[in-house]
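Thanks, everyone. Let me put the chain up on the screen, and then we will walk through it piece by piece.

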Amino acid sequence: MTRRSVKAGIMAGAALLLAACGGGADPAGGSKAAGNGGGASGGGDVKKASLAQPGAVTVAFCHPIPDGSSGGDGGKVYGLTVRSYSAENGAVLAERSTVLPSGVEPTAVCKKDGPAKGPGLAFNKDLTQVAGISRAGTTDRAAAFDLATGKEVSPPDPDAFTKRAKNTGAAFHPVTGRLWYDEQPHGFRSNDPVVSRDTKAGVASEQRVPYEKIPSLLRQDGPTATAVLATNKVNGPAVPAGGVVATSAASGGLRLARVSDKGEAGVDGYLTDLDTKGLGEDGPDCEPTFWHDATTLVCEFKKITVSADYKKVVKTEDLIPKNDRVSLAPLPSPDGKSFAFLSKGEGGQWALFRAGFTGGAQPVKIANVDQPLDGADKHRMSLVRWN
C-alpha cells in the first residue's frame with residue numbers, strides 16, 4: 001500500500017469518526033451494527049452537551065487507525081469516542097469523537113492487553129480532556145488532549161531548548177483535576193519523583209514531590225494515593241482515608257498493603273503486604289476495583305468485607321447472580337447505593353446495567369450499547385465514570 005493510500009485511509013476513518021454519533025462495542029473486537037446506544041436521545045445537541053452531566057454514565061470506545069505519516073512503518077493513531085448515557089432511561093446525553101495526534105496513546109483506554117485498568121483516571125473531572133503519553137518527540141512525556149479537537153492542551157514550546165525527564169504513566173486526580181505523572185530523569189524506574197500540574201496552565205505549573213515524600217501522598221487520601229500509584233501503572237485502589245491499598249498479588253488472588261516509610265524502587269516500593277487471612281493465593285481471584293467504604297472492597301463482582309485492622313476477611317458476597325456472560329468491572333454511583341457495568345450476553349449485544357450492593361438480585365438493564373459509526377469493526381470499550 002502506498003503512503004498516499006494509507007494517509008487517505010486515515011483521513012477517511014477520521015472523517016467517519018468525527019461524524020459519528022452512534023453506540024458502543026466489544027472490547028475484544030465485536031462488530032455489531034451501530035445504533036443510538038439503545039436509548040432515545042436526551043434532547044438537544046449531544047455533540048455539544050457536557051459529558052459530565054450529573055446522573056450520566058460514561059463509556060469510552062477506542063480503535064487504532066493505520067498511520068502513514070512515518071512512511072508506512074506500521075504505526076497507528078487512535079480514534080476515540082466518549083459517550084454519556086442517562087442512568088435512568090438510557091438516553092444518549094452527550095458524545096465526543098476525535099482522532100489523537102500521531103505518536104500519542106491514552107494511558108488507560110486504548111491498549112490491547114486485557115480490560116482497561118483505572119479508565120476513569122485517564123479523563124479529567126469534566127470529561128473534556130484525556131491523558132496520554134506523547135512519543136512524537138525525542139522523550140516520552142505526559143500530556144493532556146482536548147476531546148473535542150484532539151489537540152494537546154497547553155503544549156510546551158517546540159522551539160525551547162530544554163531537557164525533560166521521561167514519563168511512562170499519567171493519571172488525572174479525580175478530585176483536584178491535576179495531571180499526575182512519574183518522572184524518570186535516568187530513563188528507568190528508580191527512586192524518582194512524581195509530578196503534578198494544572199494542564200491548562202502548562203508545564204510552568206509543575207509541582208514535584210521527591211521520592212522520599214511519596215509515602216505522605218499515599219497516606220493523604222484515597223483519590224491521591226490511587227492517582228499517584230497509577231503514574232507507575234499500578235492499579236491500586238486505596239481506602240478513602242489513604243494508607244491502605246488493594247492490588248493483585250503476583251502469585252494470584254488479592255493482596256492488601258499498608259504504606260511504609262521505607263521503600264524499594266518505584267512508587268509501589270512503599271507498599272508493605274498485610275498478611276490478611278482469606279486473601280492471597282487462597283482468596284478470590286479477581287481484580288480490585290474500588291473501595292465501597294473503609295472496610296469493604298469491591299473486586300469485580302464480589303464484595304469483600306475485611307476487619308477494621310485489615311488482618312482478616314470477614315465476609316465475601318457475590319454482587320450479581322452466577323452467569324456465563326462477559327462483563328466488565330463495575331463503577332459505583334455517586335451516592336454509593338448502586339453500581340453500573342457493561343455486559344454481553346448470548347446474542348453478542350453489549351448493554352449497560354445497574355445493580356445494588358445488597359447482592360443476589362437481577363441487574364436492571366439501562367440501555368443497549370452499540371459501537372460508533374466510525375468505519376472500524378473493532379473497538380476497545382471501557383466504562384469510565386458514573387457522574
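One definition before anything else: when I say buried, I mean a relative accessible area under 20%. Now take strand β8 with that in mind. Leu179 and Tyr181 sit on one side of β8, Trp180 and Asp182 on the other, and all of them are buried. Both faces of this strand are covered.

A caution: this is a predicted model. Every value I give is computed from it.

The overall picture, quickly. The protein chain has 387 residues, and 52% of them count as buried. Its secondary structure comes to three helices and 23 strands. Look at contacts between residues at least 6 apart in sequence: 58% of those join residues at least 24 apart.

Back to β8 and its partners. On one hand there is β7, residues 170–172. β7 and β8 run antiparallel, joined by three bridges. Ala170 stands opposite Tyr181 in this pair. Six residues lie between the two strands of the hairpin, and Gly177 has a positive phi near 80° there. Then there is β9, residues 194–197. β8 pairs with β9 through four bridges, again in the antiparallel sense. Here Leu179 has Arg197 as its bridge partner. Recall that Leu179 is one of the buried residues of β8.

Next, helix α3. How many of its nine residues are buried? Eight of them, so the helix, residues 222–230, is largely enclosed by the rest of the structure. The buried set is Gly222, Thr224, Ala225, Thr226, Ala227, Val228, Leu229 and Ala230.

Let me zoom in on Ala230, in helix α3. Its relative accessible area is 17%, so it counts as buried. Leaving out residues up to four places away in sequence, Ala230 touches Leu121 and Ala171. Asp268 is 38 residues away from Ala230 along the chain, yet their C-alpha atoms are separated by 9.7 Å.

Leave α3 and follow the loop towards β11. Lys233 lies in that loop. Phi of Lys233 is positive, near 60°, and this residue is not a glycine. There is another case, Leu127. Leu127 is also not a glycine, and its phi is positive at about 55°. Where is it? Leu127 lies in the loop between β4 (104–106) and β5 (129–134). Buried or exposed? Leu127 is buried, with a relative accessible area of 2%.

Now two open sheets. A reminder for both: sheet strands pair through backbone hydrogen bonds, parallel or antiparallel.

The three-stranded sheet has the order β11-β12-β13, with antiparallel pairing. β11 and β13 stand at the edges with a single partner strand each, so one side of each has no neighbour in the sheet. Ignoring direction, neighbouring strands here are turned by 40° against each other on average. β11 pairs with β12, residues 254–259, over five bridges, in the antiparallel sense. Within that pair, Thr247 has Arg255 as its bridge partner.

Lys303 stands opposite Glu317 of β17.

Last stop, the second largest pocket. How much space lies in it? About 590 Å³. Its lining has 24 residues. Nearest the pocket's centre are Thr139, Arg141, Thr162, Lys163 and Arg164. Which classes make up the lining? It divides into eight nonpolar, eight polar and eight charged residues.

To recap: β8 is covered on both faces, and α3 is largely enclosed, with eight of nine residues buried. Over to you for discussion.

Conventions. Residues numbered from 1 in each chain as written. Predicted model: local features only at pLDDT ≥ 70, side-chain atom pairs only at ≥ 80, totals over all residues. Heavy atoms only, no water. 1 Å grid on protein atoms, 1.4 Å probe; cavity = no way out; pocket = protein on both sides within 12 Å on 5 of 7 lines; lining within 4 Å. Points joined across faces, edges and corners; volume = space filled by probe spheres on them. Nonpolar A, V, L, I, M, F, W, Y, C, P; charged D, E, K, R; others polar. Pairing = 2+ DSSP bridges. Buried < 20%, exposed > 50% of the residue type's maximum accessible area, 1.4 Å probe, protein only. Contact = heavy atoms within 4.5 Å. Axes fitted to C-alpha atoms, helices over the stretch in contact; angles between N-to-C directions.
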